[in-house]
Each structure stands twice: as structure tokens, then as C-alpha cells.
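These are my notebook entries on a structure I looked up residue by residue. The sequence and coordinates are placed below for reference.

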Amino acid sequence: MAEFDEDDPSLAHSSPYPNSHSIPSHPIDVDLSEETQDFRFLSALTSNTALANSATTPSVASDAIATSIASTETVIPKRGTKDFEPNPTRSQQNALRASRQAMHDVLSGERVHGSKNWVVGYFVGSMGGEGESEPLGGRDRREEGIGLQDRDKRLRGCVVRIDQPRGSTFRTMGVSDRENRIWLLPEEALYCIERGSLDIRWGLPEAEKDDVKGGPVTGGNDEGSAKRDDKYDDDDDDDAPAFSDLPMSLQGAYATFISDKDLTLARYTVFAGLRRLGYTVIRAPTWHDSCPSSSQTWQEDKAEDHSTTTHARTVSPPPASTSQQSFFNWPSLRTFITSVFQLLFRWKSPSKPYHRHPNSCPSLGPLVAPGLYRSYTDIYRALALIPFHNPTSKPQHAHTAPAPTSSPERPSIQPQPPNPSMTSTTPPFRISYHVYKPTTPYRKTSPPAPDFHLAVIDAHAHPTIPNLTELGTLLEEMPLHDPRKDEKLKKGRAEMRLKAGTRSVVLAVVDNGVVSFLRLAEMGSGREKIYEGKVGRGGGKRSGRGRGAGRGRGRGR
Amino acid sequence: MDANPDLPIPVSLIAGRYLLFAVDAVTYLRREHHICGVTIGTLPQAPQQNVFLGLPLELMPEEVRLLVEKGLAYVIDDAMAHQHGLANASARKRVHYVKHLRDKGRQAAISQTGAKEHSRALALSKARSKALKAPTIRAASHDESEDTNLTDTAEQDSLFGPSTPSGLASSDSLSITTFGVTPASSASLLTPPPPPPAYAEASLPAVPESYPMFKHLHSNGYFPSPGLRFGCQYMVYPGDPLRFHSHFLASYVGWHQELDLMDLVGGGRLGTGVKKGYLIGGVEKKKNQDNADMGTERVRTFSIEWASM
């Protein structure tokens, strides 16, 4: 990161002394959420947004707060407020005590719902997912009982129903049905309850329950009501609230919505963290472990003009049987086929380096044939011998290989998909969420192409980074985004295009609630001819700049 | 803040992760036992930021193991606890729960109204003193301030109209609408299962092999916290992370495990880059001279820094 960011002209202005070694901190280095901050500064974060109000009525309208926080964030002292090590002074003791008291006060803040923004949701149990765990087991949910007449597939996995949605929160969240009710997925419901925007009841309202065929909502409720009957005489609580009317606590919501398989705590931590920052986070089609992958529902890049590319992506190859998978060594087969095609296409490919200059003949004579050279570019081009991987051309191979027209010289295995291992990703290295930037206009009915594809990895279950195969399959599924066709990147520097890459994926690594994001991108380094760009600018333009400057800067914490 | 929760503290086990929802327990463990955990929940006061987070608190398995060994905590399966607790919650318990929440909601409503009235009174008195201080324009501004006052009160009244969305909120004799409350913990509704009398060795929370080093650092007064973000296993703080910077990036290495020199150099380089020491630790097993089977184990730690010579 340091390599490119230091050279990034857009960031250069933020550092007043680009060559100085004594910069205490670099603006892009500072991530306040990286370490525990003193809770006494929370008021600095929220002072502009009427903390007094939001402490008692957390507002549903969140976007305004998000923007204002961005402007007030600088109020928190970056460093220097913490001490180096404990000493027995009373002043330090008092400071620590005050910090802890502030933390205690903040953590004891209640989630309250004022009359204006009191949104009530009803827990309906799991909506016919595929073998998802149902935390309050024994929920025999008949579809007619919960008003799911349309049997909407979109409602699969939803657990909470909101009859009267209010506020902007649900613009990017949940699924609405015909009756204008909103259905929330577990993570969405949990996030809403956590930020104080939603009051979830343990069951459906009483009136509705009478319509439900088969009586009470749960088997557990049967027991409960029986018990209640027993106790009526002792307690004379005629108006004892029904089980289903009880508000769900935050703890109850966590215990109910978080599960081992579906919504793990790691996934939820990532979801909530991004939502808090204003991103729109949507489940990817490959959410469930059993879902077939490479089902790309999003639109291909508009600038994409490879018709072959889109074709190859929408046609999913037939799944190969496991015996075949184990018999053939697919990666090596793949490289073999790739090289065959490279050989086939080389003779007619005009972009191949040593056909540019007709005089050079590397197999026989000198690399640079004798002659008159007007620029270094020609020489560099003649020197470019090593074939490189072009990420944008890969889908063409994938498309051509399984074509039914099998010519005699091809091996007999040709009709098989060339790389079955490349067609399905394995958990955890598969996409869980699609993420949209806050600035991307998002519509629930027609979601645009996601800005990021996110895979969530629990660092304790999977302590190693993905190997090349896993990474390859993951990147293979990503849509192609050619940096040379991007409006902004096209005009920018080659380094920026290389950094952007053609296909990219974001890994969210969760270590006990601490999330780190890694962006992995495939770059076609051979496509960017650095020497071509350099010629026009006189080559050594940046030579005077101290490249090592500022590296090894301390973070000091 | 100094409230001490009942010991042992029930720690919720949800989908293989250990969570705490009671604020008293969180503060107590931090204050008395150097167990900080990681807050992962959204703060309702400031829901759109990641710098300050709130309940629940996620504990590392190492932390839970330590607490369980000390008899300070015990683990409950929270999904099961809710399932059983809700099904068996007595009428009295439910009434109590709802009443408890209603009281809280009313308090919140009262305090909010109080805060609003306070700020309104403050603004009014300010306006009045301003008007008094400027007697020359007093006559002119008087009508104006009267007008604004009028509109203010009108707004206030409309804010607290009797619009109650749910039947739960009671119509009190007071003109204040009770707010709904979502409690953080279910403790007032559920009775947590009693702690087991003693933990068998096998039922202790599973921990990674680095646990001895964690325990060693913790017993020496350090505050270890998850450190993968900084490229290590634990960030080691000399005091409460609220007030102190961390000193070490710690990684566990088996005593006879061969170390790649590149890892040492990389770790040292990384630690120096963020002004910390790179620390490796392992368990040394010393054979007892009298009895070959009985040996003593001790954790030894080494710190590595980039020397400039």
C-alpha cells in the first residue's frame, strides 16, 4: 500500500512534507477504530448531532448523522492522549477511572423508542430456508399462518416482519411484500435492534394468531400458556402479557439470529461494521454453503464489449463427477490447454511483442536486431520476451474449450469443462456479501452491480491465507472490470490501473470481533507498458523524489 | 460503576463465540480482572460510526478459560437458555419484565422531556437577559420574542401528542408517553441456569495452544487483546487499553518448534514500524531430577527489536 499511495498524486497534497522523515503521523495511516479509544471523547463525536436527543431517542434517519460524524471525527485527538505505561500517580488513576466511568455510562445507554419512530417488528421464525437452524426449535410454520400467500422466494431466510415500516433505514434493507410490509433477514433485524431502530416482539400479535391454523405459535408457547393457567390463581395477574408480546432483548436477538451455519458472528460483525459506516450490504447469491456458485445475477460491466465474455459467464458448465475430478489433474490440464491456445493464437495475434519489429528474430540472432532505432520503445518491445497472463482474455479460453466442435487433434477429454475446480468456490473463500458504497444509488428492486464482493473469513477457523487455487477460483467468479476502460483510470497513471486490477475481491478477516479488510486483485502487469508512458514524459521525471521517505513511520500506540 | 455483579458471571455462548451483555459484568471484569474483550455492538447513541462500539462484548476463548478456571464465570448456551426460559417464563416473570421495561421507558421519556424543557428554559432566559441588556431595542424585539415563544410551545405540544403506536404503552395520568425499551440483556426475563459445581477438565472452554503465554502475560499484569490486525496473535498492553498504548506484538512459538529467521526479521520489523516490541513466547518444560514424569512448565518470553547501529 505504501508503494502506490506515496506516489498517488491525489493523496500527495494531504501530506505537507512528502520527503521528511520526521512526520509523526501520516493522514492516511490514521484509523481511529484501529484501537480502543477513550470513551470520554465520544461526546466529541456526537456533539454536533444533538447527543442529548439521540441518547434517548436514537433517530432512524441515519444518513445525516453519518455525514456529520465524518466532519467531526477530527475532534478526537489522534495520539498523545494515552500514557506510555502505568505509574502510581493519582492523576493517572483518576484519568483511568474517569475513562472507565465514561465507558460504563456509554455502555449503559438504553435503546428506547420514542412515539415518533417506534417501529415494531414481529419474529416469525425462519422462512423456509434450506436446512437453516431454527433457534427456537419446533416452530412449525405454516405459510398461510404468516400471510405468505405469494410464497415469495425472496422472503427466504427472513425472520422478522414489520407491518408499519418507517424511516429511511428500510430503503436499503429488507424485502417488502404486497401488503407493504417489510421482511428482514436475521442480520438486518439484529442490526436494527442493535442501533435502537426496531422493537422486535417474540411472536406475532394476538389478533393475528387466532387466524393461524393449528393454534398457538410454538410448541413452547403451549407449555407457557398452560403454566400461565396454573398460576392464575396465585398471581391474579389477569393481564399477564402473552409470550408473543414481550419485547426481544438484544441478548435474545443475538441468541436467536446468530447461528453456526447461516449467519455466523463473524459475518454479522462484518455486516454491522460496514452498515455503520453507511455501506449497503446485501447477501450474495453464494451465501449458503450449498448454493451453486458462479451464478452471476448482476449486470456485466456496461463498458464490456466482449460478447464472448458474457456468454461464458452466463453459461454454467455441467458439473463434473467427483471421480473425474480426482482422476485428472485439472490445474495442470488447464495450463496445458491455455498454452495450446496461446500457441494457436500467437501467430495471428498482432499484439505479440516480437512481431512488432520485423527485424528482430530472437531464436536465431541477437534480441535486438541491428538497425536504426528512433526510440527506446521499439527496443523495449523487442526485449519483451516472456509471455504474460492477460486477465481480460481468460474467459475466451473458458468459452472456446468446452465447445462441442471437437476437432480430431484435441484430446478426448476436451468436451469436459476445462477447469471444474475453477467453477465452484469453497467456503470460506467464497462471496458472502455484495457491498455498495454509500454514494452508489441503490434500489432494492433493481440492485446495480456491486462495488465490492466480500468474503468473510474467521481467522480462528481458517488461520491461513487462501492458496492460489482457492484464490483463483474466487477471482474467476468476479466480474471483469477492465481498468483501461474505466473513465477515471484510463487517463491516470499506469500504477493506478495496476493497483485497481481487473478482478478484485475483498476478504474480511475476523479475529475475535476485530475485522481487517484485505483487497486482492488480479492485475495484468504485462498489459501496462510502462516504457511507453515514460517516453513522453522524459523518463526520469520522478527520479528526484525520495522513494523511501516516510516509510517505517511509527504508529505509536 | 463500582457495582459488583453476582459471581460467577454467566457468559453467553452463541454459535461458538463468547459474549457478555451485562454492563456491570463488563465493567467489573475490566476493572478487577484485566479482562477487556472487544465491544462489537452498535452504540444506540451514535449508531453510524465504528470508533466507539457498545454491547455486547466478545471475549476471547482464552479470556473465558481464564475466568472459568478462576471460578469467576461459567458458560451457558444462550440459544438453549432462551428457548427454555421463554417457554417456561411464568406469568409473574413476564409481568415483572414488562413493568420493568415500562418503568425504564417512562424514565427515558421524563428525562427527555426534562432535558428539552431545560434547554428551552435556558434559551428563554438567555433571550430575556439579552433583551434586558439591550433596552434600546427592547421594545422592538419584544413582540418578536413573544412570537417565537409561542411557536416554540406549539411545536413542543405537537411533539408529545397522544400518538401511541402500540397497545403496550399505557396511558398514564401524566401527559408523558412512555417510550418503548429494548433491554440489552435478558436477565430480567430469564433465570440463567445455575453454575455447574465444578468444571471437569474436558468441559473447559477450548483454547488455542498459545493459552499458556496468554495466561503468563495476563498474570504479569498485562492486558492481551486480539492482534491479527497488527500481524500478531496478541497485542499486549501494559495497562487498560483505554489509557495506554500497547508495548508488544506477541506470537506464540512452540519450545522446540523451528523458527524461520525471516519470521523473526519480519516480526521485528513490523513491531518496530509501529513502535512496539515483537515478542515471542513458549513453554519450557523442565524435567524434574527426582521424577522424570513430573516436570515444571514455565513460559519464557523474548522481545525482538530492530537495532539501529
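In which strand of chain B is the place of B:Tyr237? I find B:Tyr237 in strand S8, residues 234-237 of chain B. I note at the outset that the model is predicted.

**Entry 1. The annotated active site**

I looked up the record for this part of chain B. The UniProt annotation "active site", from an unreviewed entry, covers B:Tyr237, B:His245 and B:Lys276. These residues span 40 residues in sequence, yet no two of their C-alpha atoms are more than 10.3 Å apart, so they gather at one spot.

I then checked the accessibility of two of them. B:Tyr237 has a relative accessibility of 3% and therefore counts as buried. B:Lys276 is also buried, with a relative accessible area of 3%. I located B:Lys276 in the loop between helix H7 (261-273) and strand S10 (277-287) of chain B.

Next I listed the contacts of B:Tyr237, not counting residues up to four places away in sequence. Within chain B, B:Tyr237 touches B:Tyr222, B:Phe223, B:Ser225, B:Phe244, B:His245 and B:Ser246. From chain A, B:Tyr237 touches A:Glu35. The annotation itself includes B:His245.

**Entry 2. A loop residue of chain B that meets chain A**

Which residues is B:Ser185 in contact with, leaving aside its neighbours within four places in sequence? I find A:Ser249, A:Gln251 and B:Phe21. B:Ser185 lies in the loop between strand S6 (180-182) and helix H6 (211-219) of chain B. At 17% relative accessibility, B:Ser185 falls under the 20% cut-off and so counts as buried.

UniProt places the feature "domain: TSEN34 N-terminal", from an unreviewed entry, at residues 9-78 of chain B. Over these residues I read 30% helix and 36% strand, with the end C-alpha atoms 13 Å apart.

I examined helix H1 of chain B, residues 23-33. Nine of its eleven residues are buried, so H1(B) is largely enclosed by the rest of the structure. Among the buried residues I list B:Val23, B:Tyr28 and B:Leu29, and also B:Arg30, B:Arg31 and B:His33.

**Entry 3. Backbone geometry in chain B**

Most residues other than glycine have a negative phi, and most peptide bonds are trans.

Just after H1(B), B:His34 takes a positive phi of about 60 degrees, although B:His34 is not a glycine. B:His34 is found in the loop between H1 and strand S3 (38-41) of chain B, and with a relative accessible area of 26% B:His34 is partly exposed.

B:Ala15 also shows a positive phi, near 50 degrees. I place B:Ala15 in the loop between S1 and strand S2 (17-20) of chain B. At 25% relative accessibility, B:Ala15 counts as partly exposed.

I recorded two cis peptide bonds. The bond from B:Leu7 to B:Pro8 is cis, with omega near -10 degrees, and B:Pro8 is found in the segment before strand S1 (9-14) of chain B. The bond from B:Leu55 to B:Pro56 is cis, with omega near 0 degrees, and B:Pro56 is in strand S4, residues 54-59 of chain B.

**Entry 4. A helix pair in chain A**

At what angle do helix H7 and helix H10 of chain A pack? For H7 (residues 186-194) and H10 (residues 250-257) I read about 170 degrees, with the axes 10 Å apart. Angles over 145 degrees count as roughly antiparallel, and H7(A) and H10(A) are therefore roughly antiparallel to each other.

From H7(A), the contact involves A:Pro186, A:Ala189, A:Leu190, A:Ile193 and A:Glu194. From H10(A), the partners are A:Leu250, A:Ala253, A:Tyr254 and A:Phe257. The residues of this contact divide into eight nonpolar, no polar and one charged.

**Entry 5. Chain A as a whole, and its confidence**

I count 20 helices and eleven strands in chain A. Of its 557 residues, 46% are buried. Of the contacts in chain A with a separation of 6 or more, 71% join residues 24 or more positions apart.

I then looked up the confidence. Chain A averages a pLDDT of 65, and 53% of the residues score at least 70. Confidence in chain A is highest in helix H11 (residues 265-276), at 93, and lowest in helix H12 (residues 307-314), at a mean of 37.

Two stretches I flagged separately. Over residues 48-74 of chain A pLDDT stays under 50, and the model has 50 contacts there beyond four places in sequence. Over residues 396-422 of chain A pLDDT likewise stays under 50, with 39 such contacts.

Notes:
Residues numbered from 1 in each chain as written. Chains lettered and ligands numbered in written order. Predicted model: local features only at pLDDT ≥ 70, side-chain atom pairs only at ≥ 80, totals over all residues. Heavy atoms only, no water. UniProt positions renumbered as here; feature names shortened; annotations may be inferred. Helix = DSSP H or I, 4+ residues; strand = E, 2+ residues; numbered from the N terminus. Axes fitted to C-alpha atoms, helices over the stretch in contact; angles between N-to-C directions. Parallel < 35°, antiparallel > 145°, perpendicular 65-115°, else oblique. Contact = heavy atoms within 4.5 Å. Nonpolar A, V, L, I, M, F, W, Y, C, P; charged D, E, K, R; others polar. pLDDT = per-residue confidence, 0-100. Buried < 20%, exposed > 50% of the residue type's maximum accessible area, 1.4 Å probe, protein only.
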